[in-house]
Amino acid sequence: MKVGIDMGATSKGTSALLDLEELLATRLLVQGNSGSGKSHLLRRLLEQSAPWVQQCVIDPEGDFVTLAEKFGHVVVDAVRTEAELTRIAGRIRQHRVSVVLNLEGLDVEQQMRAAAAFLGGMFDADRDHWYPVLVVVDEAQLFAPAVAGEVSDEARKISLGAMTNLMCRGRKRGLAGVIATQRLAKLAKNVAAEASNFLMGRTFLDIDMARAADLLGMERRQAEMFRDLGRGHFVALGPAVSRRPLPITIGTVETSPRSVSPKLMPLPEASDDARDLIFKPGADEARPLVRRPPPPPTPTPTADILAQLSRPRPQPEASAEPMFPVFDEAERDALIDTVMRGILDDPDAAFRSVAVLYQDFLVRCRISRVPGEPLPLVGFRRKLAVARAGVDKETASGETWQQALALSESLTDDIQGVFLIVAQSAVSGEPCPSDAALARAYGSHSPSRARRLLTYFEEQGLLVVRTDFRGSRIVAFPDLGCETAPGDPNRPDELAGDRTAAE
Ligand SMILES: Nc1ncnc2c1ncn2[C@@H]1O[C@H](COP(=O)(O)OP(=O)(O)OP(=O)(O)O)[C@@H](O)[C@H]1O
Ligand SMILES: [Mg+2]
């Protein structure tokens, strides 16, 4: 079914149509400075597409709650535990209800955690419920920041992970990301890069203009045109809207935002008693001072609760026992390795999120009676990346491999595994893994995504990719002083079996 969403008018006076089905497959990025009309544009898109597709709005300012009255969206107030948000997200997929996740009033870190829990719940929904949903994220740079800010590293990682999942791996699950940002330079590159459709609004800063030009494949000079765009004017490009840059003007909306731009109004008459007005309490302020309620406790992350549940119960008669349980570290490590192998032997493991694998890991550790504190999520991710690289004992203890591990630290958790697999081949002098094998390590079926990751590593100066005259790929690691043997990038992935072939 072909549905054209009417976004407004083109410069030729025709309707600017957005092909909804194509949009679901290819995602959308909206960028424009504050006041350029991004939220208005998102509202137009949501209103026009409401009859056709389920919608979920991640709304940091509580601006979109007004969709509820006219279009029946359910407003989900985010002041809840993360587990509860995840469960609600699962239910909205099951029952196909359009929602606005209202994050207003939470501090940035809580907003990140809540959005991640919600997106995670939508992402991990049962396969039977993978219906198409438009997932609209306004102010996306808050949830996928390009650099570490004031929030904790953990909050940033889980939020960035959820946004990366939405944009990189959501399509198969029916999730179509539509993200808007004031500043492209503040948005994580890998999240922006997954959108194939762009609506570019007024942009002043050179650095944002340069990023926009790169994403759109334009000359930087050409991108200068974004500087002169008026409010509500955007340049559209992408398979769902236009194959060439197309200037469009966004049309009107039926609902109104809760916050509106300030309008100039005449000041009141100057009065002599201005000092009194501000320093004396007014008649209606004669109430006793109301104490603010204490801020709500920060919800406990699900991973912590799981870890807590898995902790062995304390022994009541501890007096005769030593203060700390005594166990053999080597035995514990060996047990954990066995558990890891069990998880990785499942051919579906590569395509499951780390959160799901971690839950599986904790349960298996309990079944195998692994002594001591359960491995925290961070440690698990690391072990997973290393285990996926499949390094033998001898290589693992070598200095070069330790150096490779240190290099991988500069990358985000979700891509460390891919880097280590290539590094392992170089350290052991094996052929460079194929695109399909790298894609599997990334939890994706898309070979082009694997190639993009290699390009990204190269941009970071971690490795150099070259092709020999037979078309085989060789990856060199200048810091490690080694390189892979030539490998055919198009080789099918044996471990993925029929899966890759069926894609
Ligand atoms: N196409 C349009 N037609 C009419 N009014 C518009 C249009 N686009 C934006 N506006 C108005 O301009 C003001 C700013 O727009 P909007 O809130 O969408 O900007 P924004 O890009 O989301 O800014 P911020 O990044 O600060 O949130 C709003 O009052 C909105 O109603
Ligand atoms: Mg806005």
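Helices (H or I, at least four residues) and strands (E, at least two) are taken here as DSSP runs, numbered from the N terminus. The structure is a predicted model, in which local features need pLDDT of at least 70 and side-chain atom pairs count only at pLDDT 80 or more, while totals for chains, interfaces and linings use all residues. Residues are numbered from 1 along each chain as its sequence is written, chains are lettered from A and ligands numbered from 1 in the order in which they are written, and side-chain values use heavy atoms, with hydrogens and water left out.

A backbone N or O atom of glycine 35 lies 2.8 Å from an oxygen atom of ligand 1, and a polar backbone atom of glycine 37 is 3.0 Å from an oxygen atom of the ligand. At isoleucine 250, a polar backbone atom is 3.1 Å from a nitrogen atom of ligand 1. On its own, ligand 1 has 620 Å² of accessible area, and the protein covers 73% of it (areas come from the Shrake-Rupley method with a 1.4 Å probe; for residues, only the protein chains shown count as cover).

Two non-glycine residues with a positive phi come next. Glutamate 139, with a phi of about 55 degrees, is found in the loop between strand 7 (133–137) and helix 6 (153–169). Its relative accessible area is 14%, so glutamate 139 is buried (buried means under 20%, exposed over 50%, partly exposed in between, with a 1.4 Å probe and protein chains only). Arginine 369 has a phi of about 50 degrees and lies in the loop between helix 12 (354–367) and helix 13 (377–389). This arginine 369 counts as exposed because its relative accessibility is 69%.

Leucine 205, in the loop between strand 9 (197–200) and helix 8 (206–216), is partly exposed at 40% relative accessible area. Leucine 215 lies in helix 8 and is likewise partly exposed, at 24%.

Key: Polar contact = N/O pair within 3.5 Å; in protein donor to acceptor, adjacent residues only side chain to side chain.
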